[in-house]
Amino acid sequence: MDQYVIKGGIPLVGEVEIGGAKNAALGILAAAIMTDETVVIDNLPDVQDINVLLEAMSGIGAVVDRINSHKVAINGSMIGEVSVDYEYIKKIRASYYLLGALLGKYKKAEVPLPGGCNIGSRPIDLHLKGFRALGASVSIRHGSIIAVAERLHGSHIFLDTVSVGATINIMMAASMAEGYTIIENAAREPHVVDVANFLNSMGANIKGAGTDVIRIRGVEKLHKTDYSIIPDQIEAGTFMFAAAATKGDVMVKNVIPKHLEATTAKLEEIGCEVEEFDDAVRVVASKRLRTTNVKTLPYPGYPTDMQPQISVTLALAQGTSIVTESIFENRFKYVDELARMGANIKVEGNTAIISGVKSLMGARVSAPDLRAGAALVIAGLAAEGVTIVDDIVYIQRGYERFEEKLRGLGAEIERVSCEKEIQKFKLRVG
Ligand code: UD1
């Protein structure tokens, strides 16, 4: 298994280009099978999660033509199966978006129940509640969710918890239901809006995405479209914190600054300068950072997917910070790894009390999940000496050419696959 080996202590300086949003792409790709015409999707991130979903879609008979690494044409007219293989759902939970897409189009779908995940228990009861409200009968048999409807009809659905997945899944099915659906307490994340815009470009009639009430008038048919995915706010935020933690100066390009407001606000609070441009943000950190308190919340609050990255940065700030994780219960697993690098963090329930240290020291650590893995890389970039990050498959699920982009900013980082290569790296960097 590959590892990252990093020689830390070098401020990141330069420009980095952000790719398409993984979480938007997952919803959009699934929705692309809802028409029999060919849909072209651009600005696709070339990451593992996307490639697995495309395989799952081919598995049910969709024709997937990868025009280039960031562009794909999908034709869903040949779908013969509405049953998705467990192999795929095991690898990415988001293949559950095929449930909403298939149910909407064919009025039946069978998708294995996604298992637990290493950031905590992730129920999908709200997705199922929504499908039932639209008239589907939903049962769980032999580990799969089976949703079937004679016809789907519009409904008034209140989501008890703000859920990105449930909002997108219900929105897809409701787009092809008969009549009018209202989703209340809907998630407002930029990727919810992007999936809604995509569906609208296919002829759906969705209003209010980006607010907490989404109104959908069902249509009988959807048609072809040519669509470009929004930039990835989490990839962008990760580079912004990498700049902060290494006391660097980085221009993060191809972003929508509005989507980064929560991250920008926190960076400014801890003493970074953040300059906004039309489609870029520049983060400059020249002195030791200050502390702050942060609580993860649904958008426009501070994103849970950016929690490990800010925690690593605060581990180097002057004083004590409190980070509260309110979305997922098991998202502090990386803290033990950080402690091995000299961080001083105490976790109590869903709160981390972070006493900043002057510097971190390189160590061998493992990535426990996607975002925590990226945060450990940030820690390695900021630390003195050499850090080895194991289990980087998690990072590759969501970051395209991560090491290459970091090297473009002056980082000493390499992807290696054996001890010999680690030794070679150590000899080279001295
Ligand atoms: C999505 C993102 C993930 C991000 C998360 C929160 C994708 C592919 N993944 O995950 O990166 O961390 O949003 O921004 O877009 N819940 C229920 N019942 C449900 C569904 C959710 O109780 O049926 C709860 C969850 O346990 C969690 C909260 O709602 O506490 C939010 O989860 P949700 O927004 O659904 O996360 P995902 O869509 O799985």
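Me: How far is an oxygen atom of the ligand from a polar backbone atom of proline 123?

Reply: In this predicted model, the general idea is to look for pairs of N or O atoms within 3.5 Å, which is the cut-off for a polar contact. For proline 123, a polar backbone atom and an oxygen atom of the ligand are 3.4 Å apart.

Me: Which distances separate oxygen atoms of the ligand from backbone N or O atoms of leucine 126 and glycine 165?

Reply: For leucine 126, a backbone N or O atom is 2.7 Å from an oxygen atom of the ligand. For glycine 165, the corresponding distance from a backbone N or O atom to an oxygen atom of the ligand is 2.8 Å.

Me: How much of the ligand does the protein bury?

Reply: One starts from the area that the ligand exposes when taken alone, which is 740 Å². The protein buries 86% of that area.

Me: Which elements give two or more residues to the shell around the ligand, and which gives the most?

Reply: Helices α1 (22-31), α5 (125-133) and α6 (164-175) each give two or more residues. The most come from α5, with 3 residues.

Me: How is the shell around the ligand divided by class, and which residues come nearest?

Reply: The shell has 9 nonpolar, 8 polar and 4 charged residues. Of the 21 residues around the ligand, the nearest are Leu126, Ser163, Val164, Asp305 and Ile327.

Me: Which residues does UniProt list for "binding site"?

Reply: An annotation of this kind comes from a record and may be inferred rather than shown by experiment. The unreviewed UniProt entry lists Arg93, Arg122, Pro123, Ile124, Asp125, Leu126, Asp305 and Ile327.

Me: Why is isoleucine 327 classed as partly exposed?

Reply: Partly exposed covers the range between the buried limit of 20% and the exposed limit of 50%. Isoleucine 327 is partly exposed because its relative accessible area is 35%. Isoleucine 327 is found in the loop between β18 (320-324) and α11 (335-339). Residues up to four places away in sequence aside, isoleucine 327 touches Thr296, Leu297, Pro298 and Thr304.

Me: Where does threonine 225 lie, and how far is its C-alpha atom from that of isoleucine 124?

Reply: Threonine 225 lies in the loop between β12 (213-217) and β13 (226-228). The C-alpha atoms of threonine 225 and isoleucine 124 are separated by 30 Å, and the two residues are 101 residues apart along the chain. Threonine 225 counts as buried because its relative accessibility is 12%. Its side chain is joined to that of serine 201 by a polar contact of 2.8 Å. Beyond residues up to four places away in sequence, threonine 225 touches Thr38, Val39, Val40, Phe198, Ser201 and Met202.

Me: Which polar partners does the side chain of glutamate 400 have?

Reply: The side chain of glutamate 400 makes a polar contact of 2.6 Å with the side chain of histidine 70. A polar atom of the glutamate 400 side chain also lies 2.8 Å from the backbone nitrogen of aspartate 46. Glutamate 400 is in the loop between α13 (393-396) and α14 (402-407). Glutamate 400 counts as buried because its relative accessibility is 9%.

Me: Against which elements do the buried residues of α9 pack?

Reply: In α9 (residues 261-269), the buried residues are Ala262, Thr263, Thr264, Lys266 and Leu267. These buried residues pack against α8 (233-245), β15 (273-276), β16 (280-284), β17 (293-295) and α10 (307-314). After α9 comes glycine 271, with a positive phi near 105°.

Conventions
Residues are numbered from 1 along each chain as its sequence is written. This is a predicted model: local features need pLDDT of at least 70, side-chain atom pairs count only at pLDDT 80 or more; totals for chains, interfaces and linings use all residues. Side-chain values use heavy atoms; hydrogens and water are left out. Buried means under 20% relative accessible area, exposed over 50%, partly exposed in between (1.4 Å probe, protein chains only). Helices (H or I, at least four residues) and strands (E, at least two) are DSSP runs, numbered from the N terminus. Contact means heavy atoms within 4.5 Å. A residue is near a molecule or strand if one of its heavy atoms lies within 4 Å of it. A polar contact is a pair of N or O atoms within 3.5 Å; within protein, one must be able to donate a hydrogen and the other to accept it, and residues adjacent in sequence count only if both atoms are side-chain atoms. Accessible areas come from the Shrake-Rupley method with a 1.4 Å probe; for residues, only the protein chains shown count as cover. Ala, Val, Leu, Ile, Met, Phe, Trp, Tyr, Cys and Pro count as nonpolar, Asp, Glu, Lys and Arg as charged, and the others, Gly among them, as polar.
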